[in-house]
Amino acid sequence: MSCNVEEMYQSLGISKKVYDYCEEIIEGLSDRFEQIDKVAEYNQLKVIKAMQDNKVSEACLLGTTGYGYNDLGRETLEAVYASIFHTEDALVRPQITCGTHALALALMSNLRPGDELLSPVGKPYDTLEEVIGIRPSKGSLKEYGISYRQVDLLEDGSFDYENIKKAINEKTKLVTIQRSKGYQTRPTLSVARIGELISFIKGIKPDVICMVDNCYGEFVETIEPTDVGADMVVGSLIKNPGGGLAPIGGYIAGKKECVENAAYRLTSPGLGKEVGASLGILRDFYHGLFLAPTVTASALKGAIFAANIYERLGFCVVPDSTESRHDIIQAVTFGTAEGVIAFCKGIQAAAPVDSFVTPEPWDMPGYDSPVIMAAGAFVSGSSIELSADGPIKPPYAVYFQGGLTYEHAKFGIMRTLQEIVDAGLAKLDK
Ligand SMILES: *Cc1c(COP(=O)(O)O)cnc(C)c1O
């Protein structure tokens with residue numbers, strides 16, 4: 001019997017040269033990985049404690065049908081989320097179809113005609129442009145008479161406090177802060193920095209609602225934005241908190257009033273949180289949440305490994321090889337469409353599902369340029385699973401994230417390097 005891992009990699013298309021190059025880099029990462037494990041340990045206990053404190057029982061894993069009145073599992077799960085985020089309440093539902101939906105719901109339910117929305121951290125995630133009406137769209141906030149203002153980050157990535165102060169006016173009702181960089185090469189915000197920004201804003205207008213788009217940030221640190229003053233955090237269950245097992249869903253955790261508003265919008269005025277059958281989905285929501293801290297840690301290790309490889313090869317990487325992490329996304333700027341495409345081919349070739357298909361750029365709804373996406377996921381479109389995407393436009397950056405296990409993330413990155421080297425886009429000679 002052979003247990004030669006190098007041979008195994010070779011049988012999966014990794015050359016000896018790529019293998020050796022990668023192993024050398026990994027040797028230097030043990031301290032970083034240890035820190036990540038410490039955060040995962042804390043967050044694992046946080047999740048277990050929340051489940052115990054809220055008396056999660058076997059009955060909670062079952063579901064309701066029809067109206068879904070008195071759904072014990074759903075109500076308990078929402079209490080568990082509220083415990084984890086230290087909030088008054090939470091809405092965690094399979095009827096929230098994705099992250100964009102969760103964010104749109106939080107915004108549309110907490111804003112009224114005449115109100116103004118402010119983003120003090122620059123342009124929000126691409127799909128929110130249509131929600132807000134930055135790009136004209138049916139049903140946007142703009143159509144409902146809700147105006148929008150934006151203050152960009154300064155050149156060095158810091159907050160433009162002076163212009164944020166000027167932008168806050170009597171109409172400003174809600175401030176949206178995106179934790180993760182999304183499809184941009186700006187730095188991701190740490191929870192501590194989000195806290196500073198919220199204090200500044202509340203110092204000017206105490207009753208403004210501070211919402212954080214928490215997508216990709218959950219469990220990366222030991223604290224969450226609601227621990228530093230956010231009134232609402234919003235995210236997708238097919239990212240970090242679903243642990244790879246949630247097949248759909250989104251969450252909103254925060255102040256009771258904010259969550260209630262969202263519930264009345266999701267279902268109906270008068271019904272709110274009382275309806276919404278959970279069907280058979282709750283077991284996966286609980287199970288995934290339980291795994292989420294270690295799954296997030298695996299994804300983080302993969303991201304750090306990628307940063308170290310591509311930085312050494314001379315590509316611009318955000319975050320860089322040494323800086324601390326506040327979300328699971330890794331951006332690598334290749335500067336050419338070929339680089340982005342080769343990277344995505346590598347991720348696809350490493351997948352457990354659909355490894356034999358070749359990803360190609362296409363015009364995805366909600367995006368303003370062709371996008372290439374690589375994923376061979378158990379849950380379609382899940383980006384807590386190993387996946388990569390990049391808009392085919394300058395600066396030709398690819399955004400990589402996920403990996404339910406570190407071993408898969410590692411292999412996936414090695415496979416991308418193989419594609420990049422085979423395409424002649426980088427040389428491994430030092
Ligand atoms: C993924 C993401 C969204 C949108 O989530 P979808 O589930 O793709 O609709 C919004 N904001 C950020 C920062 C994200 O990463």
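In the ligand site, a backbone N or O atom of G99 lies 2.7 Å from an oxygen atom of the ligand. The model is predicted: local features need pLDDT of at least 70, side-chain atom pairs count only at pLDDT 80 or more, and totals for chains, interfaces and linings use all residues. Residues are numbered from 1 along each chain as its sequence is written, and side-chain values use heavy atoms, without hydrogens and water.

A polar side-chain atom of D213 lies 2.6 Å from a ligand nitrogen atom. An N or O atom in the side chain of K239 is 2.9 Å from a ligand oxygen atom. The residues around the ligand (a heavy atom within 4 Å of it) include C98, T100, L103, Y125, Q178, C215 and Y216.

An open sheet of 5 strands has antiparallel pairing and the order β8-β9-β12-β11-β10. Helices (H or I, at least four residues) and strands (E, at least two) are DSSP runs, numbered from the N terminus. Two strands pair if DSSP finds at least two bridges between them. β8 (316-318) and β10 (371-375) each have a single partner strand, so one side of each is left without a neighbour in the sheet. Strands β9 (residues 330-333) and β12 (residues 397-401) run antiparallel and are joined by 4 bridges. Q330 has F400 as its bridge partner in β12.

Two helices lie across this sheet. Helix α11 (residues 337-349) lies across β10, β11 (387-391) and β12, at about 20 degrees to β10. Axes are lines fitted to C-alpha atoms, for helices over the stretch in contact (heavy atoms within 4.5 Å), and angles run from 0 to 180 degrees between N-to-C directions.

The largest nonpolar core has 60 residues; F305, I309, Y310, L313, F343 and L417 touch the most other members. Its largest share, 11 residues, comes from α10. Such a core is a set of buried Ala, Val, Leu, Ile, Met, Phe, Trp, Tyr and Cys residues joined through side-chain atoms within 4.5 Å. Buried means under 20% relative accessible area, with a 1.4 Å probe and protein chains only.

T87 lies in the loop between α4 (72-85) and β1 (89-93). At 16% relative accessibility, T87 counts as buried. The T87 side chain reaches the backbone oxygen of D89 at 3.1 Å.

Note on methods: Buried means under 20% relative accessible area, exposed over 50%, partly exposed in between (1.4 Å probe, protein chains only). A polar contact is a pair of N or O atoms within 3.5 Å; within protein, one must be able to donate a hydrogen and the other to accept it, and residues adjacent in sequence count only if both atoms are side-chain atoms.
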